[in-house]
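Here's a guided walk through one protein model. Take a look at it first, then read on.

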Amino acid sequence: MLLTFILFFLSAAAIYLACEYFVNGIEWFGKRLNLGATAVGSVLAAFGTALPESAVTFMAVVFGDTPEQKDLGVGAAMGGPLVLATLGYAVVGLVLMLHRKKLARTSHKVQVDYARLSRDQVSFLAIFVLKVALGLVAFAIKPWLGILFLAAYAAYVWREIKEADTSSDEEDLEPLKFRPNTAEPSLGWAGLQVLAALVVISVASHTFVAQLEAIGTALSWPPHLVALLLSPVATELPEIMNALIWVRQGKERLALANISGAMMIQATIPSALGIFFTPWRFDTLLLASGIITALAIVFLWSLFRRGTVDDRSLVAVSALYGVFAILVVIYL
């Protein structure tokens, strides 16, 4: 048990350190590709950190030997958006509150592109509602509809890159950690640092989730409690760490774009895999997670639409995750 706790904390520390290298490398990678900061966060960073949890879903739904293993993949596809829509945004707000003086902020208002994030919430909600609706019905051609989700993500990436505005995205970049003495590192060095960081993040995330499940077993926690509440938080840890690092640097635009982009991935790619390879039918708790996620998105959309987002309102959305946790405990 002692070894489990040691590996648990060491893997968490490894994820954080690897994310430091990742966010530093991905910013330089995006600069070399002449992408704006928002596109770097919503496309490059989001896709990179979403790979580990997408791989978990892929292995569960494609190679799972039992219905329970396939259900784990479906649960991951639903749990990820819930965590990001509640705890992910709350982390941004909390870190901003704690670092107001360091960042020389005179108000609680979040500095982001409100119109763009408002539009992202609407796009996500439309896809997510369809995703949940498909979990309530059964019909012969349902597996083919997974193609629509892949197409939706492709359209999202195309739009983000097409609308990238480099003129308003000037950010002070720290030296590339792999080449600290080079003023303008090459695309190759930036890509190598990103790739190395992703390898560490993937291995450390797998270790972290495994230790969390072992701790849950040792403490006699119900398996559903770990699967529905704790594992999704663990698999979304890289996105949360990225947000923490970027907000501490005063780059909440990158942090929120990363979360928004990761949510779009979670709404499309894992969903497509689940629809392709499982019956994609929801039980009560999965439906509850979908409803609460939708409520969180509606709340966030209303804030972004009015341009009234501050750190306190972002922290408040975490209460919806608490509601889901209470429902899980009551149901189990």
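Predicted model: local features only at pLDDT ≥ 70, side-chain atom pairs only at ≥ 80, totals over all residues.

Residues are numbered from 1 along each chain as its sequence is written, and side-chain values use heavy atoms, leaving out hydrogens and water.

An unreviewed UniProt entry lists several stretches as "transmembrane region", among them 6–23, 284–304 and 313–331; such annotations may be inferred rather than shown by experiment. In the model, residues 6–23 are 100% helix, with end C-alpha atoms 26 Å apart. Residues 313–331 come out at 89% helix, and their ends sit 29 Å apart. Helices here are DSSP runs (H or I, at least four residues), numbered from the N terminus.

(The expected span is 1.5 Å times one less than the number of residues.) Just after α10, Gly-307 takes a positive phi of about 70°.

The largest nonpolar core has 92 residues, and Val-110 is one of those with the most contacts inside it. Such a core joins buried Ala, Val, Leu, Ile, Met, Phe, Trp, Tyr and Cys residues through side-chain atoms within 4.5 Å.

Finally, find Ile-215 in helix α6. Ile-215 counts as buried because its relative accessibility is 5%, and buried means under 20% relative accessible area (1.4 Å probe, protein chains only).

Note on methods. Helix = DSSP H or I, 4+ residues; strand = E, 2+ residues; numbered from the N terminus. Buried < 20%, exposed > 50% of the residue type's maximum accessible area, 1.4 Å probe, protein only.
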